[in-house]
Amino acid sequence: MKRKPERIYEDVKSLKKGLDRLTLATLAELARIDRYAADDVGGSSGPKPKNQVSDPTGNKVAAKRTPDPVGDAVKAIDRRLSNMAREMQTLMQQLDYALNPRARHRETAVIYCQACEREVAGTASDRLRSGYCFSCYRKWLSQERPNRGAFEAEQKRLDADA
Ligand SMILES: [Zn+2]
């Protein structure tokens, strides 16, 4: 490791401290603060609350999205936490891989596409790209790299329908 265990543990403690602040009550408070959906457009009275029927006279035509820095920050927190959860999942897999020879064996033997969950051979022509099989990876790129969680849920749903 490049850093001393004691130094890394400082990071771990700082992460724990941060996560401890994110109680369900805090998250509920964030949801309350960010009352506006991302694509709401404002009339003269500002953005409309979610689920409100839009104005039939068409305020939308000329209106631009009202700046909403607080709402943007809340949405960024949401995205960041989702990314952190994904990072943590990968981290735990790497931890298992590093500490456990049996997990290591399992991982080298069988790998799966994170989107469609198809088994990937791991050969030059059939390998994981960014965690996805070739076809899912192409699809992900063609959709201009959408949020991975949403993309993966969509692929699993498509698979279940097929
Ligand atoms: Zn796939």
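Leaving aside neighbours within four places in sequence, which residues is Tyr132 in contact with? A few notes on that and the rest of the model follow.

1. Ground rules. This is a predicted model, where local features need pLDDT of at least 70, side-chain atom pairs count only at pLDDT 80 or more, and totals for chains, interfaces and linings use all residues. Residues are numbered from 1 along each chain as its sequence is written.

2. Tyr132 and the core. Beyond four places in sequence, Tyr132 is in contact with Cys113, Gln114, Ala115, Tyr137 and Trp140; a contact is a pair of residues whose C-beta atoms, placed from the backbone, lie within 7 Å. Tyr132 also belongs to the largest nonpolar core, a group of seven residues that includes Cys133 and Cys136. Such a core is a set of buried Ala, Val, Leu, Ile, Met, Phe, Trp, Tyr and Cys residues joined through C-beta atoms within 7 Å. In soluble globular proteins, nonpolar side chains tend to be buried together.

3. Overall layout. You'll find six helices and two strands, in the order α-α-α-α-β-β-α-α from the N terminus. Both are DSSP runs numbered from the N terminus: helices are H or I with at least four residues, strands are E with at least two. Of the 162 residues, 9% are buried. Buried takes 20 or more other C-beta atoms within 10 Å of a residue's own, exposed means 12 or fewer, and partly exposed is in between, with C-beta atoms placed from the backbone. Among contacts with a separation of 6 or more, 29% join residues 24 or more positions apart.

4. Helix H1. This one covers residues 5-21, and its 17 residues reach 25 Å from first C-alpha to last, close to the expected 24 Å. The expected span is 1.5 Å times one less than the number of residues. H1 is hardly covered, with a buried count of zero.

5. Ala31 sits in helix H2 and is exposed, with 11 other C-beta atoms within 10 Å. Its C-alpha is 9.3 Å from that of Gly71, 40 residues apart in sequence. Arg35 counts as partly exposed because 14 other C-beta atoms lie within 10 Å.

6. Two phi values to look at. Most residues other than glycine have a negative phi. Ser130, not a glycine, has phi near 55°; this residue is in the loop between strand E2 (119-120) and helix H5 (134-142). Ser130 counts as exposed because it has 12 C-beta neighbours inside 10 Å. Arg145 likewise isn't a glycine and has a positive phi of about 50°. Its loop runs between H5 and helix H6 (148-161), and Arg145 is exposed, with 10 other C-beta atoms within 10 Å.

7. Confidence. The protein averages a pLDDT of 82, and 78% of the residues score at least 70; pLDDT is the predictor's confidence in each residue, from 0 to 100. Confidence is highest in H1, at a mean of 96, and lowest in helix H4 (residues 101-109), at 62. Over residues 40-46 pLDDT stays under 50, and the model has 13 contacts beyond four places in sequence for them. Where pLDDT is low, the predicted coordinates should not be read in detail.

Note on methods: Contact = placed C-beta atoms within 7 Å.
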